[in-house]
Amino acid sequence: MRAVRLAATVATAAVLLAGATACGSKGGDTKSAADSKGATDGKDAAAAAAGLAADPKAALAASALVMQKAGNGKVALTSPDPSSPSGSGSADWKDPGKVSVDVSSDMDGKKLRIRAIGADTYIGGDDTTATALQGKHWVKVPASEEMGSAFVVMGQMVNPVSQLTIAAASGKLSKVGQEAVDGVQTTHLRAVEDTATLVAGMTSLTAEQRQAVQKTLEEDGKTLTIDFWLNDKQELVKYQEYGDTNGASKAVTVKYSDLGKGDKIEAPAAGDLGSQADLLKLFG
């Protein structure tokens, strides 16, 4: 069960971090320890980061703990497929059963708002678009439809805790190396997973939703390669995923920033929802 795996990996991370701190604080009297606290803290942090970087499983587990504590943040999604959503905005993953994403996106050349809250997805536009929707700004897309299931996938894939936890527990892991991402030094780790294993770990979804997610992901391949870039605070800075069918040229990328400072995401007011029959007008 996902909850058990998360608890186990969080516990592992806590033990590793506590051990690194204990090793760094031995020796010296109380006064000298207090006088050198700043230097010791810096050494402890460096030692912890170095130790975790040497063990991909421990590093991913520790990052899951950090991202779980953050709970939300800003995200930027990039996809080479023009029919897939790309854009930037906020995400909230505090509740694994109701991951929320609110991004301004460019789909097939159209500027749209995509707001996914759990299994519910809303597509919206600006005031110009509202003219086509009789003054409304949003249309709700059922998860049972192909477009709706695609956005359920998007919500799950931007949940960093889920991705990090599943990768730490069941992925074939390796360390790629040290790389800079937007000027920040990071550790690049890689996990290779069976698509079925990844989806099975999404236990917050219903069986029907998992089936839809697996069908969508397997269009990219039966095996997924997932790359993680972690900074020295064990925060997930960048995430990239691609399947064995399409390869790295079709990789979907998510970047995280401003952790804990994401915008509040709420469903649009019922009075601002247009008819589902008008959905195509948003893409017209």
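Of the 284 residues in the protein chain, 43% are buried, where buried means under 20% relative accessible area, exposed over 50%, and partly exposed in between, found with a 1.4 Å probe on protein chains only. The model is predicted, so local features need pLDDT of at least 70 and side-chain atom pairs count only at pLDDT 80 or more, while totals for chains, interfaces and linings use all residues. Residues are numbered from 1 along each chain as its sequence is written, and side-chain values use heavy atoms, with hydrogens and water left out.

The protein chain has nine helices and eleven strands; these are DSSP runs numbered from the N terminus, helices being H or I of at least four residues and strands E of at least two. Taking contacts (heavy atoms within 4.5 Å) between residues at least 6 apart in sequence, 59% join residues at least 24 apart.

The largest nonpolar core contains 46 residues, and Phe228 and Tyr256 have the most contacts inside it. Such a core is a set of buried Ala, Val, Leu, Ile, Met, Phe, Trp, Tyr and Cys residues joined through side-chain atoms within 4.5 Å. Leaving out residues up to four places away in sequence, Phe228 touches residues including Leu60, Gln163, Leu164, Ala167 and Tyr239.

Helix 7 spans residues 160-170, and nine of its eleven residues are buried, so this helix is largely enclosed by the rest of the structure. Gln163 lies in helix 7 and counts as buried because its relative accessibility is 0%. The side chain of Gln163 makes a polar contact with the side chain of Tyr239 at 3.3 Å. A polar contact is a pair of N or O atoms within 3.5 Å; within protein, one must be able to donate a hydrogen and the other to accept it, and residues adjacent in sequence count only if both atoms are side-chain atoms.

What of the aromatic rings? Rings of Phe, Tyr and Trp (its six-membered ring) pair if their centres lie within 6.5 Å, with planes under 30 degrees apart stacked, over 60 edge-to-face and the rest tilted. By this rule there are two aromatic pairs. Trp93 and Tyr256 form an edge-to-face pair, 5.9 Å centre to centre with 90° between the planes. Trp93 lies in the loop between strand 2 and strand 3, and Tyr256 in strand 11, so the pair ties together parts that are 163 residues apart in sequence. Both Trp93 and Tyr256 are buried.
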